[in-house]
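This report describes one protein structure, moving from the overall fold to a central strand, a helix and selected side chains. Please keep the sequence and the model in view while reading.

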Amino acid sequence: YDGYEDVGLDATGTKLYVANLPEDIQESALEYVFGTYGTVEKVHVMRGKVKNGCISGFVEFEKPDEATTAIMSLDNKYEIRAGYGPLQVRLANATRK
């Protein structure tokens, strides 16, 4: 148990879904990139689900405005590793189970 039993449920606006990550990405790399925009509370990388050589994960911020700033700054703009294309960053879907 790592606190993500309800992965994808977020009513607070602080949890982001991040896609297009390299398979071998480290949580620390996400903390570093997203930490530019606020206080990162949790990072969870879903290593089991590989799509086109990429994986996805979740980054949780302390405050909703930090999450919003990260989306505006990174979504379809920031390439965490050359050749993988830009990250897709959005609020974790509150209706998905």
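## Contacts and overall fold

Among contacts in the protein between residues at least 6 apart in sequence, 63% join residues at least 24 apart, where contact means heavy atoms within 4.5 Å. The structure is a predicted model, in which local features need pLDDT of at least 70 and side-chain atom pairs count only at pLDDT 80 or more, while totals for chains, interfaces and linings use all residues. Residues are numbered from 1 along each chain as its sequence is written, and side-chain values use heavy atoms, with hydrogens and water left out.

The secondary structure comes to two helices and four strands, which follow the pattern β-α-β-β-α-β along the sequence; helices (H or I, at least four residues) and strands (E, at least two) are DSSP runs, numbered from the N terminus. Of the 97 residues, 39% count as buried, a term that means under 20% relative accessible area, with exposed over 50% and partly exposed in between (1.4 Å probe, protein chains only).

Strands pair if DSSP finds at least two bridges between them. β1 and β3 run antiparallel and are joined by six bridges, and β2 pairs with β3, also in the antiparallel sense, over seven bridges. Glu 60 of β3 is the bridge partner of Lys 15, and Lys 42 also stands opposite Glu 60. In the hairpin of β2 and β3, two residues lie between the strands, and Asn 52 takes a positive phi near 55°.

Leu 30, Val 33 and Phe 34 are the buried residues named in α1. They cover an arc of only 85° around the axis, which puts them on the same side of α1; the arc is that of the directions from the helix axis to the C-beta atoms. The face turned away from this buried side carries the exposed residues Ser 28 and Tyr 32, whereas the cover over the buried residues of α1 includes β1 (15-22), β2 (40-51), β3, α2 (64-74) and β4 (88-91).

A search of the whole structure finds two aromatic pairs. In one of them, the rings of Phe 34 and Phe 61 have their centres 6.3 Å apart and their planes at 55°, so the pair is tilted; rings of Phe, Tyr and Trp (its six-membered ring) pair if their centres lie within 6.5 Å, and planes under 30 degrees apart count as stacked, over 60 as edge-to-face and the rest as tilted. This pair links distant parts of the chain, with Phe 34 in α1 (residues 27-34) and Phe 61 in β3 (residues 54-61), 27 residues apart.

## Asn 20 and its surroundings

Asn 20 lies in strand β1 and, at 19% relative accessibility, counts as buried. Its side chain reaches the backbone oxygen of Tyr 84 at 2.8 Å, a polar contact being a pair of N or O atoms within 3.5 Å; within protein, one must be able to donate a hydrogen and the other to accept it, and residues adjacent in sequence count only if both atoms are side-chain atoms.
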